[in-house]
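Here is a short report on a protein structure. Keep the 3D view open as you read.

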Amino acid sequence: MVSVEFLGPIQMEKKEFNVQSVRELKDELYKIPELEDWLESLAVAVNDKIITSLDTPLKDGDKVVLLPPVCGG
Amino acid sequence: MDNMILEIYKGGIPVIEVLDRWYNDLKLEGYGAMIPFIGIVRPDNGIEGLSFDLYLPLLSEWFKKWNALKEAKITMAHSFGDVMVGETSFLCAIWTKHRREGFKYLEEFVEDFKANAPIWKYDLKNGKRIFAGDRAKPLPEAGILG
């Protein structure tokens, strides 16, 4: 299973998914109505490295975090 | 990473205490200029304060590349949780041999911080914590799920 954490203002508990790639994870995330307004603006990190390809493979135990738009300072 | 100074505080940063400590720790390291930037929470739109979430693993990762500069050192502090009007949520100092490159790095660093640091800001208004979505920007790598 792959754990997925929703950071910052996304009000959602951590979830686990049985997926093999970020592309497969994307399909699962689209099934969650509360995420609809966020998905386009999220960055994705796998094991604390930001990734830019949907083909990034995921394996059992991987940790994904989803990062909404930022504003520090 | 050698001597990386990235400090995280719950609530407002004790500005003078932190600057005093940084100054005393680094004043004999050969830098001729210490340029501090102190961000102060403004009383805009009737807010009582701001509040922050941050994600430390990626914040540290982002900060590492600034810590790898050869001719400058950067020290930084940021808050999480509530920071009231008049308090400070972001503090940094640029250390260089001369002031000119220090001012240049300050501008570049703060711009990069605003665009890339994994931090989320909320307004504290009428006792509520409201995401400051109007001031937030997607990270440069965002959008692959769109």
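## An exposed loop residue

N126(B) counts as exposed because it has 9 C-beta neighbours inside 10 Å. The cut-offs are these: a residue is buried if 20 or more other C-beta atoms lie within 10 Å of its own, exposed if 12 or fewer, and partly exposed in between, with C-beta atoms placed from the backbone. N126(B) sits in the loop between β6 (119–125) and β7 of chain B. Its phi is positive, about 50°, although N126(B) is not a glycine.

This is a predicted model: local features need pLDDT of at least 70, side-chain atom pairs count only at pLDDT 80 or more, and totals for chains, interfaces and linings use all residues. Residues are numbered from 1 along each chain as its sequence is written, while chains are lettered from A and ligands numbered from 1 in the order in which they are written.

D48(A) is found in the loop between β3 and β4 (49–51) of chain A. Buried, partly exposed or exposed: which is D48(A)? It is partly exposed, because 14 other C-beta atoms lie within 10 Å.

## Chain B as a whole

Chain B has 3 helices and 7 strands. Helices (H or I, at least four residues) and strands (E, at least two) are DSSP runs, numbered from the N terminus. Along the sequence, the pattern reads β-α-β-β-α-β-β-α-β-β.

The C-alpha trace of chain B spans about 50 × 40 × 25 Å along its principal axes. Of the 146 residues in chain B, 33% are buried. Take the contacts in chain B between residues at least 6 apart in sequence: 77% of them join residues at least 24 apart. Two residues are in contact if their C-beta atoms, placed from the backbone, lie within 7 Å.

## Helix α3 of chain B

Helix α3 of chain B covers residues 99–116, which is 18 residues. From its first C-alpha to its last it reaches 25 Å, close to the 26 Å expected at 1.5 Å a residue. The expected span is 1.5 Å times one less than the number of residues.

Which residues of α3(B) are buried? They are G102(B), Y105(B), F113(B) and N116(B). Seen down the axis of α3(B), these buried residues fall within an arc of 90°, so they line one face of the helix. The arc is that of the directions from the helix axis to the C-beta atoms. Turned away from that buried side is a face with the exposed residues R100(B), E107(B), E108(B) and E111(B). The cover over the buried residues of α3(B) includes β2 (33–40), α2 (56–67), β4 (72–84) and β5 (88–96) of chain B.

## Where the chains meet

The contact between the chains takes 24 residues from chain A and 30 residues from chain B. On the side of chain A that touches chain B, α1 (22–29), β3 (43–46) and β5 (63–67) of chain A each supply at least two residues. The most come from β3(A), with 3 residues. By class, this side has 16 nonpolar, 5 polar and 3 charged residues. Ala, Val, Leu, Ile, Met, Phe, Trp, Tyr, Cys and Pro count as nonpolar, Asp, Glu, Lys and Arg as charged, and the others, Gly among them, as polar.

The end of chain B joins in. G146(B) lies in the segment after β7 (128–131) of chain B. It counts as exposed because it has 10 C-beta neighbours inside 10 Å. Leaving aside neighbours within four places in sequence, G146(B) is in contact with L39(A) and E40(A).

## The nonpolar core

The largest nonpolar core has 53 residues. Such a core is a set of buried Ala, Val, Leu, Ile, Met, Phe, Trp, Tyr and Cys residues joined through C-beta atoms within 7 Å. The largest share of this core, 6 residues, comes from β5(B).

A43(A) and L66(A) are among the residues with the most contacts inside this core. A43(A) lies in strand β3 of chain A, and its 25 C-beta neighbours inside 10 Å are why it counts as buried. Not counting residues up to four places away in sequence, A43(A) touches residues including I50(A), L67(A), P138(B) and L139(B). A43(A) and L66(A) are 23 residues apart along the chain, with their C-alpha atoms separated by 5.8 Å.
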